[in-house]
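Biologist: Hello! Could you take me through this fold, with the sequence and the coordinates side by side?

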Amino acid sequence: MRVYILGSDGQLGHELCGVLGCFAEVIRATEAGYDMTDATALRDALRSAAPDVIVNAAAYTDVDGAEREPERARKVNADAVGVLGELAVSMRCPLVHYSTDFVFDGTQSRPYTEDDTPNPLSVYGRTKLEGERALLDRGAPALILRTAWVYGTRARSFVSSVLRLAREREELRIVQDQIGNPTFCRDLAEATGLVLYEARHHPHEALAPLAGLYHVAGGGSCSRYELACAAVALDPDKRSHKVQRIVPIPTSAYPLPATRPATAALDCSKAHRVLGIRLPPWRESLARALAG
Ligand SMILES: NC(=O)c1ccc[n+]([C@@H]2O[C@H](COP(=O)([O-])OP(=O)(O)OC[C@H]3O[C@@H](n4cnc5c(N)ncnc54)[C@H](OP(=O)(O)O)[C@@H]3O)[C@@H](O)[C@H]2O)c1
């Protein structure tokens, strides 16, 4: 099976290359060095690679940056995804694409299912939702995996930033009124790998009937404050910490350009029921991630 990965230098893309490389021939878009917003280059690259599956881990993920450059975010998160959808249809090539909990407004008291109505609060959330719709409207054979609070230890993430600040400061002030599902990027890559491994002999026949939206995120939810406390407590390199106190603060005390959903936990039961994938509880994954 030949798998074409976009965004292979990102947090998730890097892990996907390792996991999928165990059973598939992996082609990295980054090696061709084109910008995926160049539709001609994207079409040429995919047609000449002729993969069995496309995995799109590329995105404009700078949530606050997207407020400053909405057109750039739209080109990557929506327009280019539409081109991928068109190619997935014309090449009969299944696509795995990732979306976000930021498509929701976070005002619901129970975890969001795939049937709940999105209402993004930010440019990032709106453009990611447009990307989802570009695939659904084209009837692309696409599995759209909505995930949340993705972290790793290799690149910049909420968890790596907390640990860096724990080494630099005595006090950390962390938002306590945003709730979500911390997701270790390796867990998400492994879950994707499981789905593709099962489909490896007949990818289109196996995956096209599964096309649609799925919530796939770390098990259980917590606040940013709880995640920060857990990261500091579980860090094996605690001796280098300067931090003495972690203070919970409201979102209003830490204003940012983009509005985040307050309580956007995802109900991931459909992915378990239909795809047979379920990510481990977030605290277990965090301990594994920090252990290296
Ligand atoms: N991070 C999160 O907390 C989070 C939460 C929910 C959902 N997600 C979704 O999960 C997926 C993976 O996220 P991630 O955290 O792994 O993202 P990431 O680390 O920011 O990686 C994104 C990758 O996309 C590439 N990219 C961006 N614009 C591109 C372009 N025009 N052409 C080619 N490549 C381009 C980036 O390359 P450069 O670095 O060279 O620009 C980068 O390698 C995304 O769909 C994201 O929306 C992420």
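Modeller: Gladly, and let's start with the sheet. It is open, has 6 strands and shows parallel pairing, in the order S2-S1-S3-S4-S5-S10. The model is predicted, so to speak of conventions: local features need pLDDT of at least 70, side-chain atom pairs count only at pLDDT 80 or more, and totals for chains, interfaces and linings use all residues. Residues are numbered from 1 along each chain as its sequence is written.

Biologist: Which are the edge strands?

Modeller: Helices (H or I, at least four residues) and strands (E, at least two) are DSSP runs, numbered from the N terminus. Two strands pair if DSSP finds at least two bridges between them. An edge strand pairs on one side only, and here those are S2 (25-28) and S10 (212-215).

Biologist: How many bridges join S1 to S3?

Modeller: S1 covers residues 2-6 and S3 covers residues 53-56, and the two run parallel. Val3 stands opposite Val53 in S3. The number of bridges joining S1 to S3 is 4.

Biologist: Which element gives the most to the shell around the ligand?

Modeller: A residue is near a molecule if its C-beta atom, placed from the backbone, lies within 6 Å of it. The ligand is surrounded by 23 residues, and the closest are Gly10, Gln11, Leu12, Ala58 and Ala59. Two or more residues come from helix H1 (11-20) and from strand S4 (95-100). The one that gives the most, with 3 residues, is H1.

Biologist: Do the buried residues of H12 line one face or fall within which arc?

Modeller: A residue is buried if 20 or more other C-beta atoms lie within 10 Å of its own, exposed if 12 or fewer, and partly exposed in between, with C-beta atoms placed from the backbone. In H12 (residues 282-291) the buried ones are Trp282, Ser285, Leu286 and Ala289. Taking the directions from the helix axis to the C-beta atoms, these residues line one face of the helix, because they fall within an arc of 100 degrees.

Biologist: Why does Leu136 count as partly exposed?

Modeller: Leu136 has its place in helix H6 (residues 123-137). Its C-alpha atom is separated by 7.3 Å from that of Gly212, 76 residues apart along the chain. Leu136 counts as partly exposed because its C-beta neighbours inside 10 Å number 15.
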